[in-house]
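Here is a short report on selected local features of one protein model. Please look over the sequence and structure first.

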Amino acid sequence: MYSGHQELLELQGHTTLITGATGGFGLGLVNAYLGQGQRVVALGRSAKALNSLQEMGAETAQVDMNDSGALKTFCKSSIAFDNVVISHGIDGARPMRMLTAEYSLNVIQTNLLSTLDLLSNLLRSKKINSPGRIILISSISAHMGASTAIPYAASKAGMEAAMRGLARDLLHKGITVNCIAPAGIKTPLFKDVQSPVLDEKNYPLGLGEVGDVSNASLFLSLKGSKYITGETIVLDGGCTWLF
């Protein structure tokens, strides 16, 4: 095998920041990056869950992603990161007729605006190394819509639009920015959500596993993925071909 191939399969750098680290996707991401020998800093709100991540070998910080002051403080005092993986967020299901401005604003604030706040603070504090990777966990709902989770779908569509703009902005720094848009993934919350998009019979390849999201994130973090930016990887198990 060509000797240069092995280097292309190595991760970019040695430090990774993961938000939403105590959630379904986040926990899998922490495991995956630790398994690749990365120094992982995990952000979350639950002190108990963060303690468990410390036992796994991660460094942790208890941060409310909607607290702009806390984000600014964290970014100023943190180490610099080679990989930044954004996986925090809330979903929720509520018909359009049940929506309130307060509810919609909370979803968009948590999923989109807090992400922009974090990234702007990291960049302003020069805490994303060059070259580097920014990976955002979006959703298939940004592409297909979600009749019972309209603010959520809107927040993820906004995330993908922001990703494309940021990818252009950071081209000169060698920092790539991409999204991963999962469809039906088996997480602890999966059983509580009722939607045809999450019906297993609609997935030719079956429902996804949390590891599928982690694997896609690791792929985008590889040195060999340096030429991919401004893109979204859709993890749908073939379901969008049926809708």
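## Model

This is a predicted model.

Helix α4 spans residues 68-77, and its buried residues include Leu71, Phe74 and Cys75. Viewed down the axis of α4, the buried residues fall within an arc of 95°, so they line one face of the helix. An α-helix has 3.6 residues a turn, so residues three or four places apart point the same way.

The other side of α4 carries exposed residues: Thr73, Lys76 and Ser77.

Asp67 caps the N-terminal end of α4. One of its side-chain oxygens lies 3.1 Å from the backbone nitrogen of Gly69.

## Cysteines

The disulfide count is 0. Cys75 is in no disulfide. Its nearest cysteine sulfur belongs to Cys179 and is 19 Å away.

Cys75 has a relative accessible area of 0% and is buried. Cys179 is buried as well, with a relative accessible area of 0%.

## Aromatic rings

The count of aromatic pairs is 0. A charged side chain does sit over a ring: Arg94 lies over the face of Tyr103, at 3.9 Å from the ring centre.

Key. Residues numbered from 1 in each chain as written. Predicted model: local features only at pLDDT ≥ 70, side-chain atom pairs only at ≥ 80, totals over all residues. Heavy atoms only, no water. Buried < 20%, exposed > 50% of the residue type's maximum accessible area, 1.4 Å probe, protein only. Helix = DSSP H or I, 4+ residues; strand = E, 2+ residues; numbered from the N terminus. Arc of directions from axis to C-beta. Polar contact = N/O pair within 3.5 Å; in protein donor to acceptor, adjacent residues only side chain to side chain. Disulfide = S-S within 2.5 Å. Phe/Tyr/Trp six-rings, centres within 6.5 Å; stacked < 30°, edge-to-face > 60°. Lys NZ or Arg CZ within 6 Å of the ring centre and 35° of its normal.
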